[in-house]
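User: I would like to go through this structure with you. Could we begin with how the chains meet and then turn to the sheets?

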There are 2 protein chains.
Amino acid sequence: MTSRPPFTVSVFIGTSLDGFIARLDGDIHWLTSRGEQAGDMGYEEFVAGIDTVVMGRVTYETALAFGVGHWPYDGMHVAVLSTRLDTGADPRVTVHRDLDGLVRALTERGTKSVYADGGQVVRSFLRAGLVDELTVTTAPVLLGSGLPLFGPLDADIALAHRSTTVHAAGFVQTTYAVEREDQDT
Amino acid sequence: MTSRPPFTVSVFIGTSLDGFIARLDGDIHWLTSRGEQAGDMGYEEFVAGIDTVVMGRVTYETALAFGVGHWPYDGMHVAVLSTRLDTGADPRVTVHRDLDGLVRALTERGTKSVYADGGQVVRSFLRAGLVDELTVTTAPVLLGSGLPLFGPLDADIALAHRSTTVHAAGFVQTTYAVEREDQDT
């Protein structure tokens, strides 16, 4: 990316030690059962600095499935990146067909701080050079298979270590800043 | 595994944040260039407690390629797990055709503490339930592709967090013990 959008993008996500964010069928009980012991691990503090969540259809539908009456994104704008979701399906969200259109729409809205959630969105944002900060919380388990957090890149992404915290139940949480060669701040 | 061998098995390995131990062509400059700033990160202390290194042919040939006159495993027995390597090729190593034969041979030698090195050997030992302790040192970089550390498993492997240390250059090193249901100590 030569031109940077006027908002920051942060990732805040949990994985197994072998890099999966869910089992192949979407199950995250291996994560949530361990997470119950560990509390929110900084999530509330993280989202307090966020005005917009971006997610894919799969993450959106997972959030819906938490049940009627519980919408976990109150107070944040929710943008869904999906080629399939009906654009008028849910008044709480905006639907965007591609990354360029999403970036334009968020820029026009005056977005300041984006939370990129879900594997597909994280990978798309990383490949596009749009991620500024990455907090990975590693659960103490190997799953062997599942939905991966990371994927192919066109080039290495160098990271700068910011902080590491060990939480209850053996979660290790590390925050990195993405190092950029095109610093244009 | 219902019967456990009379030696412990430890893994001590560096990876990218996306879980690769080398690029697809075997290159580890991305690791060693960052590692130079970080020193040995506990490696000397780790190998001081080891009597036997187990590696695959690829790791063995990489060690050989470090050059004549420099053999990095002085003071340790070296066992190579390979279906192809000539068993008499190198008087410094023993060659084993399969994991069962290796475990038998190491048991007969009175082995106490094994260092399992290289992706193939680590994955084979994990699948066989033979790993006791796992130290993963994560370099602050995403590679996008490469040779993976972890692979498929028959079942989850639950881990117990032991310690986390942040080293220079942003390396995050975490040691886990493998949790076992068949504790037979």
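Analyst: A definition first: two residues are in contact if their C-beta atoms, placed from the backbone, lie within 7 Å. Please also note that this is a predicted model.

User: Understood. With that cut-off, how many residues does the contact take from chain A and from chain B?

Analyst: Chain A contributes 26 residues to the contact, and chain B contributes 26 residues. On the side of chain A that touches chain B, the elements giving two or more residues are strand S8 (141-142), strand S10 (157-166) and strand S11 (172-178) of chain A.

User: Which element gives the most to that side of chain A?

Analyst: S10(A) does, with seven residues. By residue class, the side of chain A that touches chain B divides into 17 nonpolar, seven polar and two charged residues.

User: Why do the copies meet through the same surface?

Analyst: The copies meet through the same surface because 100% of the interface residues of chain A are also interface residues in chain B.

User: And the symmetry: what rotation superposes chain A on chain B?

Analyst: A rotation of 180° does, with 0.0 Å of shift along its axis and an RMSD of 0.0 Å. The two copies are therefore related as by a two-fold rotation axis. Within chain A, A:Gly19 has the C-alpha nearest the axis, at 3.5 Å from it.

User: On to the sheets. What is the strand order in the open sheet that ends with S8(B)?

Analyst: The order is S5(A)-S4(A)-S3(A)-S6(A)-S1(A)-S7(A)-S11(A)-S10(A)-S8(B), an open sheet of nine strands with mixed pairing. Its edge strands are strand S5 (93-96) of chain A and strand S8 (141-142) of chain B, each of which pairs on one side only. S10(A) and S11(A) run antiparallel and are joined by seven bridges; in S11(A), A:Val172 is the bridge partner of A:Val166.

User: Which helix lies across S3, S4 and S5 of chain A?

Analyst: Helix H3 (residues 57-64) of chain A lies across those strands, running at about 105° to S3(A).

User: What about the sheet that begins with S8(A)?

Analyst: That open sheet of nine strands has mixed pairing and the order S8(A)-S10(B)-S11(B)-S7(B)-S1(B)-S6(B)-S3(B)-S4(B)-S5(B). S8 of chain A and S5 of chain B stand at the edges with a single partner strand each, so one side of each is left without a neighbour in the sheet.

User: How does S8(A) pair with S10(B), parallel or antiparallel?

Analyst: S8(A) pairs with strand S10 (residues 157-166) of chain B in the antiparallel sense, over two bridges. B:Ala158 in S10(B) is the bridge partner of A:Val141. S10(B) also pairs in the antiparallel sense with strand S11 (residues 172-178) of chain B, over seven bridges, and there B:Ser163 has B:Thr175 as its bridge partner.

User: Now the other end of that sheet. Is S4(B) mostly covered or open?

Analyst: Strand S4 (residues 77-81) of chain B is mostly covered, with four of its five residues buried. S4(B) pairs in the parallel sense with strand S3 (residues 52-56) of chain B over five bridges, and B:Leu81 in S4(B) stands opposite B:Gly56. With strand S5 (residues 93-96) of chain B, S4(B) again pairs in the parallel sense, over four bridges; B:Thr94 in S5(B) is the bridge partner of B:Ala79.

User: Lastly, how many residues of H5(B) are buried?

Analyst: Seven of the nine residues of helix H5 (residues 119-127) of chain B are buried, among them B:Val121, B:Arg123 and B:Phe125. The helix is followed by B:Gly129, whose phi is positive, near 75°.

Definitions and conventions: Residues numbered from 1 in each chain as written. Chains lettered and ligands numbered in written order. Predicted model: local features only at pLDDT ≥ 70, side-chain atom pairs only at ≥ 80, totals over all residues. Buried ≥ 20, exposed ≤ 12 C-beta atoms within 10 Å, placed from the backbone. Pairing = 2+ DSSP bridges. Least-squares fit on C-alpha atoms with pLDDT ≥ 70 in both. Nonpolar A, V, L, I, M, F, W, Y, C, P; charged D, E, K, R; others polar. Axes fitted to C-alpha atoms, helices over the stretch in contact; angles between N-to-C directions.
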